[in-house]
There are 2 protein chains.
Amino acid sequence: MNDKNTPHIVIIGAGFGGLSAALKLVHHPVRITIIDRRNHHTFQPLLYQVATAGLSPGEIASPIRWIFRGRHNVEVVLGEVQDFDLDRRVVKLANRELPYDYLIVAAGASHAYFGHDEWEPLAPGLKTIEDALEIRRRVLLAFELAERRAASGGGQVQLNFVVVGGGPTGVELAGTLSGIARRALADEFNSIDPKQTRTILLEGGPRVLPAYPEDLSRSAEEQLRELGVEVHTSAMVTGIEPAAVIMGKTRLPAAVIIWAAGVAASPLGKKLGAPTDRSGRVLVNPDLSTPGHNHVFVIGDLASLKQKNGQPVPGLAPAAIQEGKATARNILRDLEGKPRKDFHYLDKGSLATIGRAAAVGEFGKIHISGFLAWVAWLSVHIFFLIGFRNRILVLIQWAWSYFTHEQGAQLITGDQTLPSWTELTREEQSSNKEIPADHAQAS
Amino acid sequence: MNDKNTPHIVIIGAGFGGLSAALKLVHHPVRITIIDRRNHHTFQPLLYQVATAGLSPGEIASPIRWIFRGRHNVEVVLGEVQDFDLDRRVVKLANRELPYDYLIVAAGASHAYFGHDEWEPLAPGLKTIEDALEIRRRVLLAFELAERRAASGGGQVQLNFVVVGGGPTGVELAGTLSGIARRALADEFNSIDPKQTRTILLEGGPRVLPAYPEDLSRSAEEQLRELGVEVHTSAMVTGIEPAAVIMGKTRLPAAVIIWAAGVAASPLGKKLGAPTDRSGRVLVNPDLSTPGHNHVFVIGDLASLKQKNGQPVPGLAPAAIQEGKATARNILRDLEGKPRKDFHYLDKGSLATIGRAAAVGEFGKIHISGFLAWVAWLSVHIFFLIGFRNRILVLIQWAWSYFTHEQGAQLITGDQTLPSWTELTREEQSSNKEIPADHAQAS
């Protein structure tokens with residue numbers, strides 16, 4: 001298999017797109033090299049569960065080497081791609097050049113702060129295991145700080161958790177955080193009442209889950225309110241300060257701020273020299289290859305492709321998986337001397353979870369929400385979770401949490417000190433009424 | 001329960017000692033405040049499993065608040081004790097003074113580098129979840145570095161994992177690390193052969209597990225060799241350098257160095273003003289109170305007490321648990337106007353695990369080793385693991401690992417760069433024969 005004449009396919013990124021391409025190619029007489037900055041594939045749809053103390057990192061991540069153990073035609077490289085030389089067909093790493101016959105760039109996306117990168121340390125986003133652990137740390141430490149103050153006679157500080165962005169990530173984070181404050185932690189503190197925590201979701205557009213039909217957006221908003229989340233739409237965030245979100249003249253104090261408002265494509269897209277869209281995604285050919293370099297494919301969140309109906313292929317895991325498989329098939333067709341086929345996205349429907357027993361789902365004209373949608377969401381995500389062991393562990397954790405209302409992974413790891421972003425001062429607290437408490441929330 | 005006249009018991013440290021005292025006291029009409037620097041109790045006997053990628057942090061740690069949820073007479077404080085004022089009966093935190101009626105100091109021990117604190121970053125010890133994750137990161141990154149070098153034509157670097165100290169922690173780390181290299185990772189790399197990794201255990205005394213009878217030390221050493229560990233006794237470490245252990249004139253290159261050679265009692269012991277032994281442990285009265293302050297108790301690894309047979313009470317979890325319970329009972333006797341009782345350690349036997357299906361155990365005159373001892377070890381540790389959910393999760397992980405030879409938590413989190421401690425140079429590699437490969441090792 002290490003024959004120099006065996007076609008060599010280099011895949012950058014072991015997310016859903018890169019992984020599915022590799023898993024399709026591995027059974028064929030090709031050599032595969034997978035490059036990733038992490039040693040593990042992260043099951044991103046469940047990252048919010050790590051951030052909200054429901055699951056442990058090991059339960060939603062699989063080591064890439066473990067996935068391809070015993071596959072002697074797969075090389076896994078822990079490293080970061082610096083650049084390309086597309087004419088010489090070479091990928092450049094810090095200490096090594098990797099020649100390829102085919103290149104699949106599946107480097108994904110990260111947070112976008114709309115030119116305000118200084119907001120990142122104040123309002124972390126959620127893309128990696130480390131992000132999730134940082135959010136978990138901040139949330140749990142905020143309660144500890146409030147308890148400490150109250151216990152030493154300082155009274156109960158108003159804790160606000162503010163989630164910026166009403167897409168799927170923002171919605172599931174807000175719904176789950178509210179559940180934690182109202183149920184999981186309710187009985188664990190003596191000096192504060194965690195139920196007094198406000199979870200506030202800020203969405204710039206007119207409705208949450210803007211990619212979903214309007215009736216499901218309405219349903220999602222209702223379910224969020226039932227979980228105790230205050231939803232503010234058309235709320236334009238103009239600034240992030242330590243422990244506060246600024247919206248024009250309004251200053252919203254916040255013990256924890258989470259950024260779920262925008263993604264930017266990996267900078268590797270631009271290094272390919274191909275045309276990109278506003279968010280840096282590569283405008284690919286209908287077969288997902290790049291203009292001018294038909295041995296170079298771009299898939300997943302880094303690719304921009306219009307479907308026949310004029311709609312863009314969505315930035316979702318199922319789309320990335322389909323693109324990965326289609327690209328693998330096209331490479332195999334090339335090798336067999338057959339013509340390539342254009343990629344067509346098959347929309348099997350989509351599901352967004354909101355919190356405990358709350359979700360929405362769209363399957364063509366069938367729209368579902370509430371408990372039914374939540375069970376569908378659980379089933380699909382357990383099914384696709386990589387690794388048999390992980391599936392059992394996650395099932396147990398979820399069953400436990402569902403019946404006990406407890407979160408299983410409530411650990412503060414790393415720095416245990418209480419940093420400045422939680423330092424709500426008395427003044428900040430008194431200005432806390434600028435956004436009125438939402439009347440629609442249930443207890 | 002928050003009545004000012006209710007006796008207030010302050011417990012410092014939520015390890016085995018502090019926790020068992022609190023769990024005994026909680027059902028009585030007293031107020032309890034537990035102070036810890038972490039928000040979780042760590043099940044220390046399984047920490048080596050996190051360090052060796054077998055378990056996730058969430059599976060061996062329980063949030064202290066969760067343990068005492070719904071107990072309104074327990075206050076949990078995340079914080080660090082700065083000092084005491086024993087005359088005023090006050091514990092001093094950074095921002096708060098805590099008055100007590102009874103004080104239980106169960107602050108435990110940490111690594112001792114025999115006056116060479118500069119060795120700590122080069123050779124981390126294993127006392128906290130963070131320590132375990134750091135060791136896991138170093139071990140997995142060492143393999144990644146070696147693979148990267150080999151893949152770019154640099155040849156296979158000799159990887160040496162060196163464990164300093166042949167007590168229970170050193171023995172279980174060495175045995176498990178060797179198993180990982182030889183089985184779990186054997187099939188995951190293309191350019192290197194993880195089986196070539198040497199795991200070297202250095203013990204300064206004449207035998208490993210010096211606290212056990214000689215026949216069990218011999219058995220442990222044999223079982224270590226069967227697992228592929230090179231055991232060197234009477235090996236005095238005189239220096240730690242980046243990527244090397246120095247023993248007199250011998251320089252042993254090491255990709256990862258782990259320190260399991262000594263513990264020092266918490267500095268809080270000295271702040272009590274009581275007499276301490278060489279390692280800083282407080283010489284307590286037979287009822288575990290401190291000389292001159294009979295309302296102040298010291299228990300667990302921070303306490304030094306001789307049994308009637310002249311032997312010291314060992315620094316083991318069962319001893320700490322018994323001391324915690326005995327102290328709780330003595331406080332309750334005080335409150336009931338009854339005389340206190342002296343503490344007597346009941347030795348129920350001890351077990352030390354070595355690796356897969358390898359362990360030794362001592363129950364009075366009955367000595368067991370091998371598979372039987374290992375099953376006994378597993379059963380005892382599963383049984384005492386706190387939290388029903390954790391027990392199930394750990395059982396599944398162990399069953400999985402046992403039958404598949406795979407480690408479930410092989411994630412590199414945190415810094416993904418390969419730091420200097422793994423930078424084995426060619427020269428270091430060539431000097432690698434100063435300690436000859438052990439002939440007794442099995443494959």
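The contact, meaning heavy atoms within 4.5 Å, takes 51 residues from chain A and 51 residues from chain B. This is a predicted model, in which local features need pLDDT of at least 70 and side-chain atom pairs count only at pLDDT 80 or more, while totals for chains, interfaces and linings use all residues. Residues are numbered from 1 along each chain as its sequence is written, chains are lettered from A and ligands numbered from 1 in the order in which they are written, and side-chain values use heavy atoms, with hydrogens and water left out.

The interface is summarised below; buried area is the accessible area (1.4 Å probe) that two parts lose on being put together, summed over both.

| Item (chain A and chain B) | Value |
|---|---|
| Buried area | about 4,900 Å² |
| Share of buried area on carbon and sulfur atoms | 53% |

Across this interface the rule finds two salt bridges, each a side-chain nitrogen of Lys or Arg within 4 Å of a carboxyl oxygen of Asp or Glu. One of them joins B:Arg65 to A:Glu144, with the closest N and O atoms 2.6 Å apart.

Turning to the strands, which are DSSP runs of E with at least two residues, numbered from the N terminus, β15 (residues 244-247) and β16 (residues 250-253) of chain A pair in the antiparallel sense over four bridges, where pairing requires that DSSP finds at least two bridges between two strands. A:Val245 has A:Leu252 in β16(A) as its bridge partner. β15(A) and β16(A) form a hairpin with two residues between them, and A:Gly248 in the turn has a positive phi of about 60°.
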